[in-house]
Amino acid sequence: MELLNKLTAAFGPSGYEDEVADIIIDEIKPYVDEIKRDRLGNIIALKKGKTSKKIMTSAHMDQIGVMVSYIEKEGYLRFTNVGWVDPHAILYHIVRFKNGVTGIVSKEDKKEIKDLKLKDLYIDIGACSKEEAESKVRIGDFAVFKSFFKLVGDRVYSGALDDRIGCYILIEAAKRLKDNKSDVYFTFTVQEETYTSGAATSAFAIEPDMAVVIDVTDTGDTPNCNAMAVKMGDGAAIKVKDGGMICHPFIKKFLEETAEKYGIKHQYEILVGGATDGSEIHVSKTGVLTGAISIPSRYVHTPEELVDMKDVEAVISLLTKTLEEWEK
Amino acid sequence: MDGKELLFKLSNLNAVSGSEYLLKNTLSDAFKDYVDDIDEGNLGDFIAHKKGSSDGKFKIMIAAHADEVGLLVTGIDERGFIHFNEVAGIDPKTLPAQEVIIHGKKDVYGVIGAKPPHVLSSDDMKKAVKIEDMVIDTGLDKDEVLKLITIGDFITIKREAKNLLGNFMTGKALDDRSGIAILYECARELQKMNHYADVYFVSSVMEETGCGGVSTSTYKINPQIGIAVDVTFGDTYLDDDDVDGDCGKGIPIYVGPNLHPKLTEKLIEVAKENNIPHSISVSPGATGTDAWEMQIQREGVPTLLISLPLKYMHTSTEVIDYRDVKTAGKLLAQFISEIKDGDSYEL
Amino acid sequence: MNYDVLKEYTDALSPSGCEGNIRDVIKSKVQNFGDIVVDSMGNLMVHKKGSGKRVMIAAHMDEVGFIVTSICKDGRIKFGTVGGIDPRILVSKRVVFVKNNLLGVIGVKPIHLQDREERGKPIPKKDLFIDIGATSKEEAEKYVKLGDFAAFESEYIDLGETIKAKALDDRIGCFLLTKLLKDDYDFDLYGAFTAQEEVGSRGAGVAAYRIKPDVAIAIEGTTCADIAKDEKDFVTTLGDGPAISLMDRTSSASGKLLKMIINTAEENKIPYQFRRGIVGGNDAGRISRAREGCLTCTISVPTRYIHSPISMIKKKDFENTLKLIKLVLKNIEKGEF
């Protein structure tokens with residue numbers, strides 16, 4: 001849990017992933033043959049195999065956040081979103097800047113909660129004037145949502161599980177992976193929440209034959225929710241389709257058969273809204289056979305997200321076995 | 001086989017976005033007599049290559065997308081009814097009382113239930129049925145269903161292509177398999193012609209889902225000219241400015257930023273000089289077709305777009321006039337034969 | 001500073017997809033500065049060979065405009081907009097057809113004939129049309145055809161400290177890039193006058209794929225929105241100096257490069273501002289993700305009323321932007337980032 005805690009606590013809004021990258025490189029270095037960071041900041045870590053086939057497995061390092069766009073003369077900060085941020089999900093939550101400054105997200109008094117937009121919100125860092133605020137933060141500074149990390153039974157509450165849990169899974173798979181047939185590229189991407197540009201450029205560089213994307217997905221098991229087959233605790237979610245891609249039927253089949261062969265608990269994911277790095281990877285260059293294994297999560301893109309470590313363990317197992325056994 | 005026969009076959013095949021590779025055998029069988037080699041892209045795109053005298057120096061890629069709109073299984077309830085959602089662009093209003101095929105471990109027949117008028121109130125009948133309120137009834141009980149069907153299985157409407165009066169025909173997936181028929185008619189015309197350019201007939205993937213699968217075929221082939229062949233609205237019974245086609249009256253040729261101005265001019269000239277019925281359609285921005293992705297691959301691909309007028313798009317009762325398919329095939333073949341060594345299309 | 005070239009640039013009629021005119025004008029000014037390539041999208045690239053880093057500087061040539069979509073029986077011309085234009089500003093403006101400099105008006109129903117409800121509502125775009133004075137379809141077809149492009153009619157006016165013209169987004173960027181290309185640098189420089197930015201940055205990615213830059217700067221004429229009621233809603237402020245982009249809908253400024261640009265401005269006491277808000281996108285988006293990616297930043301001249309015939313810039317903003325970019329390029333030469 002220590003590694004997951006460290007990962008989720010690291011400061012890494014889209015475009016500023018260095019702190020997260022440093023932790024990942026430290027952890028994964030002993031288990032791979034080559035590591036590099038490319039121009040945009042993606043980490044590409046290669047564990048050589050025996051054949052010339054290449055598998056790319058990816059998780060994104062960045063998290064959603066906010067960026068200061070204006071400082072009022074009374075010291076209040078106005079901001080814009082980094083990635084998709086629901087104003088209702090962050091109201092009265094705390095944000096933290098890289099330099100440690102924190103603030104409360106509040107709304108203009110006269111604005112109704114039901115019609116809330118981001119421009120109706122502001123951050124109060126306790127400054128009484130513009131000058132005082134400017135001594136602590138500047139326009140263009142990024143902040144993330146402060147969260148606590150708590151393990152309750154098998155379930156973890158934390159911010160940034162999207163997609164630090166994916167990064168954690170990739171690291172664990174790298175640690176457990178022995179005798180992989182193909183070359184495996186553990187890819188930790190940048191800027192997924194904003195532009196998925198990290199996925200595009202890393203896939204272009206790697207030119208994989210096959211790709212498996214690891215990211216969180218919703219569940220359909222909370223009160224009065226939209227129907228969705230994914231349930232927390234029902235295992236690794238093999239993606240069928242999301243808003244940005246359809247998993248290649250051959251890869252979906254391979255994941256299914258591998259899960260069945262090793263008795264790994266699994267279920268199927270169809271995500272109506274939302275896309276992942278897969279949307280860029282599968283159409284890179286001449287096309288990549290792409291699939292995804294998702295972690296069922298609740299309260300995604302809020303300051304406290306939730307996953308079940310039994311599901312996480314199932315994803316790690318399924319990913320590890322897939323990386324070991326795949327060769328076209 | 002003739003083009004209409006191929007189109008009937010293609011229309012009756014079931015391949016929703018992502019499963020386009022299922023068309024491969026039928027396409028290989030058809031194109032093999034008219035091309036020099038056949039290849040498959042990583043994502044299931046089909047590529048048939050007919051050599052030209054340029055010997056690989058000048059390549060023209062013509063693409064029509066293979067995927068059809070469809071549904072997929074999202075859940076199986078306690079009573080064995082199957083819940084579903086759309087894969088891309090299906091109007092839920094076309095679904096009640098339809099017959100479907102679920103492509104599970106084997107193909108399973110089902111119907112999308114509809115309440116009979118006797119039990120509906122007049123208020124009920126004023127509202128469109130929502131997709132989440134529909135289920136598929138296979139007549140099997142839950143255990144039998146679970147043996148054959150899993151969440152994520154694709155579903156297509158059960159429909160057989162048929163002729164209507166005159167040159168009209170109807171079937172599902174005419175968007176854009178009739179485009180593939182156009183490619184086939186073009187390949188047959190080219191048999192009797194000499195041409196400088198190497199021609200790549202491509203059946204592209206994932207157009208309906210907006211994933212831009214044609215980018216992978218374009219990247220692979222790296223052509224000097226890319227031509228997208230899609231369908232457009234032929235619903236002239238509507239008083240709508242966006243309806244730019246008229247079945248049986250000719251092929252819309254597109255102009256606008258997505259299309260190369262000099263090549264488009266040449267295509268229009270070829271149509272005029274050969275008395276090929278055509279019209280001009282204008283697209284101020286994205287054309288909503290494979291042309292959009294093709295144009296910006298690698299260092300850029302000069303792109304053209306022609307469309308087939310089609311009525312009732314994205315339903316299982318699409319209607320086209322087959323003469324338009326032949327006309328379009330002829331237009332493309334004539335255009336290809338007029339691309340000569342040394343021609344310049346520089347801007 | 002002499003702004004004659006800017007006038008020539010803004011006078012050119014070139015909506016996205018029809019950049020021939022502006023490309024010819026720019027080519028005549030830059031052709032001796034390096035090797036010229038025009039690609040299939042219409043991008044004009046100037047390569048000043050050098051050793052070391054591959055640096056790409058991009059400014060887009062195209063402007064928003066109009067394209068003929070149909071011609072009515074009575075000679076009125078229906079059109080589509082090329083690039084984003086608020087239809088409410090079209091009413092009662094004049095346009096010029098690119099092909100033959102023909103003038104047309106976007107007419108509107110007289111207020112006397114509008115009922116109460118109509119007066120309060122904007123006219124739907126599909127009800128707008130261009131009148132060139134033709135009285136029949138046949139007559140109109142002698143002068144225009146489907147797919148013909150048109151641009152706003154707008155005279156270049158020098159107001160002393162301010163310039164008003166159409167298409168300052170991004171002819172001001174093209175003007176700046178033209179000046180940059182005159183000098184020599186200690187790196188491999190590619191000046192890219194890109195095509196079709198307004199319809200989705202269509203030319204930039206294709207140009208970057210060919211050029212393979214290590215680092216890229218996009219130069220824009222960017223929105224001010226500084227006549228909004230509330231200062232916090234301004235995106236940039238006219239007169240406050242070059243606007244450095246932090247983040248927008250298509251890209252985020254690369255950290256190290258951004259820092260160097262800010263330091264350059266501060267150390268040399270060049271007034272600057274940040275482009276606040278994340279609305280809009282520009283060529284940096286496609287360039288930053290071409291191939292294996294590259295470091296990018298956007299530096300803009302604040303421009304009021306972009307995407308309309310009456311855009312405005314302040315000369316001192318332009319001059320400070322030029323100064324800043326020249327110094328940034330010097331720092332790139334030194335490898336300082």
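**Entry: conventions.** I number residues from 1 along each chain as its sequence is written, and chains are lettered from A and ligands numbered from 1 in the order in which they are written. In this predicted model local features need pLDDT of at least 70, side-chain atom pairs count only at pLDDT 80 or more, and totals for chains, interfaces and linings use all residues.

**Entry: chain C against chain B.** I looked up the contact (C-beta atoms, placed from the backbone, within 7 Å). Chain C gives 25 residues and chain B gives 19 residues. On the chain C side, β4 (65-71), β5 (77-82) and α6 (202-211) each supply at least two residues. Helices (H or I, at least four residues) and strands (E, at least two) are DSSP runs, numbered from the N terminus. The largest share, five residues, comes from α6(C).

**Entry: a sheet in chain B.** I found an open sheet of three strands, ordered β10-β11-β17, with antiparallel pairing. Strands pair if DSSP finds at least two bridges between them. β10 (162-163) and β17 (318-321) of chain B each have a single partner strand, so one side of each has no neighbour in the sheet. Two bridges join β10(B) to β11 (residues 168-171) of chain B. There, K162(B) stands opposite T170(B).

**Entry: strands in chain A.** I followed β6 (residues 94-97) to β7 (residues 102-107) of chain A; three bridges join these antiparallel strands. R96(A) stands opposite T102(A). β6(A) and β7(A) form a hairpin with four residues between them, and G100(A) in the turn has a positive phi of about 100°. Four bridges then join β7(A) to β8 (residues 121-124) of chain A, also antiparallel. I104(A) has D124(A) as its bridge partner in β8(A).

How values were computed. Two residues are in contact if their C-beta atoms, placed from the backbone, lie within 7 Å.
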